[in-house]
Amino acid sequence: MNGGIAPPLAAAGPTEAAATPSHRRLPDFLQSVNLKYVKLGYHYLITHLITLLLLPLMAVIVLEAGRTDPDDLRQLWLHLQYNLVSVLVLSAVLVFGATVYALTRPRPVYLVDFACYKAPDHLKVGFQEFLRHSALCGFSHDALEFQRKILERSGLSEETYCPEGMHAIPPEPTMANARAEAESVMFGALDSLFAATGVKPKDVGILVVNCSLFNPTPSLSAMIVNRYKLRGNVRSFNLGGMGCSAGVIAIDLARDMLQVHRGTYAVVVSTENITQNWYFGNRKSMLIPNCLFRVGCSAVLLSNRGADRRRAKYSLKHVVRTHKGADDKAFNCVYQEQDSEGKTGVSLSKDLMAIAGGALKTNITTLGPLVLPFSEQLLFFATLVSKKLFNAKVKPYIPDFKLAFEHFCIHAGGRAVIDELEKNLQLQPVHVEASRMTLHRFGNTSSSSIWYELAYMEAKGRVRRGDRIWQIAFGSGFKCNSAVWHALRNVKPSPSTPWDDCIDRYPVELVDGFPTHTHIHK
């Protein structure tokens, strides 16, 4: 045994070289190419199997119909005339069934447009400024060094944004500043949304707002109702404490409401508040959110009006929600609490990635049958049967979700989250590019990050008619939620895209999660 390391080619003698001629073994890259085409051929065959089987059957029917005697057709017509009651009953049943189906089938939900908030330049926070402010806040030397290392490997750039109150020296995490942050991000995104769509605020019948850690009275949804003077019978909801996956939960709630209320618009606002949730202690597990979370907000306009299909960007196909809160480890892995000095923050468990992996597995087990082609489901089922019935030592088959989706919006929660999903779902770098670049440019904007990622794809001109988009997010509780969208046209970026002034600079090259040209000095 040589530990799996092959001897150099030059070390092989003439006899050995002759025993293994080069023409007997294809190069590795050719083998991988052949395997790829074999799988594509299998996928094509299984996908079109019914069509291939029906073609001979249709040919036989056409040939038999051509040989039919006109007298036989006349006899069939007379037979139907004598059984008029049966024909009428059958027709009534068909009409009744069609009516029931039309009345009970889910109404389509369209995404007309969406907008993402972009903070002003004076709120940008560079790493040196971040560490200098942290030093003035009384953090210990170990805590400062820990934050420096986290920033170095975070994948964030020097252009992310912190709220106004956190730029002050000393920081001012007051209720007034927290309200000011909430108003600036929500109203900024909504102003852009209403301007881009031309929809009047009075036409909005459903409003859903999600923000996990800041829930004042009156609520954030009430602040929006007051600012835009929404109508008195608007159905408004305010979701709190549901973490970074709450954006998909809000979409699900809006979809359910649109099934009940006809001909109306729903607005979904997703954000997080930084001002009052900055941690000023020294516990390392609670310092990580300080380094990753940044200012952001998204506003999405949904509609169930048939007339909006022509101008809508996407239609909502599926929402799959997974909640692992019954498990104590999952429940406690993202936990807001006070440290030994009474300072409040959000603690992240070391088991977080393992728990997220388990939640993802459960989620895609439900999502897979809804979106995967039959060929992939057949391979998965065959592997499962061989493992269960024959005790075969077969690795579990990981379905190829690249056959189900053209685009992936993976919650930009951090480098580790993106790396783990890229590996587990066997994705290519291009599939996680939007997530990595969103993390780099805007940081972890919590539940709105999946919309910054979709905006990135639109700004790059990559979303074409018929494309399928998978948004997947993780959040405290512990939850893993997925939303599947279908592009109704070749999508152009919205007029106020947050990537407008920087998309030409992306993608940037990252080494160990950090831009190659930048380094944080101690």
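Okay, a definition to start: buried is under 20% relative accessible area, exposed is over 50%, and partly exposed is in between, with a 1.4 Å probe and protein chains only. This is a predicted model, where local features need pLDDT of at least 70 and side-chain atom pairs count only at pLDDT 80 or more, while totals for chains, interfaces and linings use all residues. Residues are numbered from 1 along each chain as its sequence is written, and side-chain values use heavy atoms, with hydrogens and water left out.

The big picture, then. The protein chain has 522 residues, and 44% of them count as buried.

First stop, Leu57. That residue sits in helix α3, residues 49-66; helices here are DSSP runs of H or I, at least four residues, numbered from the N terminus. Leu57 has 45% relative accessibility, so it counts as partly exposed.

Second stop, Lys479, in strand β11, residues 479-487; strands are DSSP runs of E, at least two residues.

What the Lys479 side chain does reach is backbone oxygen: that of Met242 at 3.3 Å, and that of Ser476 at 2.2 Å. Leaving out residues up to four places away in sequence, Lys479 touches several others, including Thr322, His323 and Phe474, with contact meaning heavy atoms within 4.5 Å.

How values were computed. Polar contact = N/O pair within 3.5 Å; in protein donor to acceptor, adjacent residues only side chain to side chain.
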